[in-house]
Amino acid sequence: MNVGNILEEKGRDVVTLRPTVTIGEAIGVLAEKRIGAVVLTDEAGEVAGILSERDVVRILAAKGAESFQETVADAMTPKVVTCGEATTLDELMDIMTRGRFRHVPVLQDGRLAGIVSIGDVVKRRIETAEREAEEIRQYIATA
């Protein structure tokens with residue numbers, strides 16, 4: 001299983017915003033879409049950063065409600081770790097674990113092709129474990 005397989009199943013839609021929107025607007029999008037992160041893109045569509053729930057909590061703790069009027073560029077993570085569609089599930093789990101990331105944007109040919117969350121990874125790992133357990137049960141039953 002690789003990231004491309006996950007995107008084929010879950011879809012490739014990614015919520016994006018510009019780094020110039022306010023933190024208040026971005027929080028509204030996160031709440032409305034029920035997502036934990038939004039990818040920030042520049043005018044050319046290139047990934048400029050990512051804003052996660054952790055980023056929001058960090059700036060709210062530091063500046064309080066006044067941070068709602070600041071731009072997302074003030075709170076985003078500018079150095080975004082990405083993966084490709086050929087990245088395996090094990091490689092992605094390693095990336096997420098080492099970096100303590102819950103969301104990893106997917107690039108294909110330098111363009112944003114999707115986003116994978118820790119929930120997507122856990123879902124696929126559970127499906128794989130259940131499938132392997134069923135195969136073992138069938139093997140034992142027919143032996």
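Helices H1 and H5 are roughly perpendicular to each other (65 to 115 degrees). The model is predicted: local features need pLDDT of at least 70, side-chain atom pairs count only at pLDDT 80 or more, and totals for chains, interfaces and linings use all residues. Residues are numbered from 1 along each chain as its sequence is written, and side-chain values use heavy atoms, leaving out hydrogens and water.

**Helix packing**
- H1 spans residues 3-10 and H5 spans residues 118-142; helices are DSSP runs (H or I) of at least four residues, strands (E) of at least two.
- Their packing angle is about 100°, and the axes lie 11 Å apart.
- H1 contributes Ile6, Glu9 and Lys10 to the contact, and H5 contributes Asp120, Arg124 and Glu127 (heavy atoms within 4.5 Å).
- By class, these residues are one nonpolar, no polar and five charged.

**Arginine 124**
- Arginine 124 sits in helix H5.
- Arginine 124 is buried at a relative accessible area of 2% (the cut-off is under 20%, with a 1.4 Å probe).
- Beyond neighbours within four places in sequence, arginine 124 touches Met1, Ile6, Glu9, Lys10 and Leu89.

**Largest pocket**
- The largest pocket has a volume of about 290 Å³.
- Its lining has 17 residues, with Ser52, Arg54, Arg100, Phe101 and Arg102 nearest the centre (lining residues have an atom within 4 Å of a point on a 1 Å grid).
- Strand S3 (47-52), helix H3 (53-63) and strand S4 (103-108) each supply at least two lining residues.
- H3 gives the largest share, four residues.
- The lining of the largest pocket divides into five nonpolar, five polar and seven charged residues.

Key
Axes fitted to C-alpha atoms, helices over the stretch in contact; angles between N-to-C directions. Parallel < 35°, antiparallel > 145°, perpendicular 65-115°, else oblique. Nonpolar A, V, L, I, M, F, W, Y, C, P; charged D, E, K, R; others polar. Buried < 20%, exposed > 50% of the residue type's maximum accessible area, 1.4 Å probe, protein only. 1 Å grid on protein atoms, 1.4 Å probe; cavity = no way out; pocket = protein on both sides within 12 Å on 5 of 7 lines; lining within 4 Å. Points joined across faces, edges and corners; volume = space filled by probe spheres on them.
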